[in-house]
Amino acid sequence: MLVLGISGATCSGKTTICNILRRIFVNSRVFNQDDYYWPEDSKNHIRDENSIINWEVMSSFNMNSMYTDIHNEIKKYADNQKKSVTSRGKLWKPEDVFVNTDSYDTKLDPADFEHVRLIIVEGILVLNDTRISDLCDKRYFLELDYETCWHRRQSRTYDPEDQEGYFKKYAWPYYLANLKEFEGTGRQATFLNGAHSIQTNLCSILNGIS
């Protein structure tokens, strides 16, 4: 069993990478932090003078529930101590993994990875919770520059939808603050450039766990 923690900026490719990993590793379980947001009417949320919720802070999530769910999943497979995927003898490259450079479809046979049980923990703040971070065998953080992040954010649809000015007031400055906070925890992570292709970053993770 191998536990991966994948965090980073909004729109950096975290969820897409996790979805591809889940297709490759059929014996995997993904814990997405977005599934642990408190309901919109929860008193746990921090609101500004216009009642706009700041979704970028830890108090927006039920982190105790998330930690418990991950911990219980790990306990189910405590006897499976395998901490790596396989030894290939060479690095994975996008052309080895994907049908073509423009596709997220892989040409790997999931049957070759059935022996691997993978637990994937994903979200903007999962590594900032030291309890969850310490459960991870490998940690990955996807960084992103302002312009790329803003460009991608404008093409996304959110529920609830972004309020005017939300990115500049909350999403971007809290990404920077959360990154600084994570670095202050002293936990080691592999930092990836979220502006690079999904295929490139997916291969970096595959190489890190092989």
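A pocket here is an open set of points, on a 1 Å grid over the protein atoms alone, where a 1.4 Å probe fits, with protein on both sides within 12 Å along at least five of seven lines; lining residues have an atom within 4 Å of a point. Grid points are joined across faces, edges and corners, and a volume is the space filled by probe spheres set on the points.

The model is predicted: local features need pLDDT of at least 70 and side-chain atom pairs count only at pLDDT 80 or more, while totals for chains, interfaces and linings use all residues. Residues are numbered from 1 along each chain as its sequence is written, and side-chain values use heavy atoms, with hydrogens and water left out.

**Pockets**

The largest pocket holds about 680 Å³ of space. Its lining has 29 residues, and T10, D34, Y37, R153 and Y158 lie nearest the centre. Helix 1 (residues 14-24) gives the most to this lining, with three residues; helices (H or I, at least four residues) and strands (E, at least two) are DSSP runs, numbered from the N terminus.

The second largest pocket has about 170 Å³ of space. It is lined by 13 residues, with W150, R153, Q154, D162 and Q163 closest to its centre. Helix 5 (146-154) and helix 6 (166-184) are the elements that give two or more residues to this lining.

The table divides both linings by residue class: Ala, Val, Leu, Ile, Met, Phe, Trp, Tyr, Cys and Pro count as nonpolar, Asp, Glu, Lys and Arg as charged, and the others, Gly among them, as polar.

| Pocket | Lining residues by class |
|---|---|
| Largest pocket | nine nonpolar, nine polar, eleven charged residues |
| Second largest pocket | four nonpolar, four polar, five charged residues |

**Aromatic contacts**

The whole structure contains 15 aromatic pairs, meaning rings of Phe, Tyr and Trp (its six-membered ring) with centres within 6.5 Å; planes under 30 degrees apart count as stacked, over 60 as edge-to-face and the rest as tilted. W92 and F113 form a tilted pair, 6.3 Å centre to centre with 45 degrees between the planes. This pair links distant parts of the chain, 21 residues apart: W92 is in the loop between helix 2 (63-76) and helix 3 (94-97), and F113 in the loop between helix 3 and strand 3 (118-122). W92 is buried at 10% relative accessible area, and F113 is buried at 6% (buried means under 20%, exposed over 50%, partly exposed in between, with a 1.4 Å probe and protein chains only).

F182 and F191 also form a tilted pair, at 6.4 Å and 55 degrees. F182 is buried at 1%, whereas F191 is partly exposed at 34%. Ring pairs join F182 and F191 with F141, Y146, W150, F167, W172 and Y175 in a cluster.
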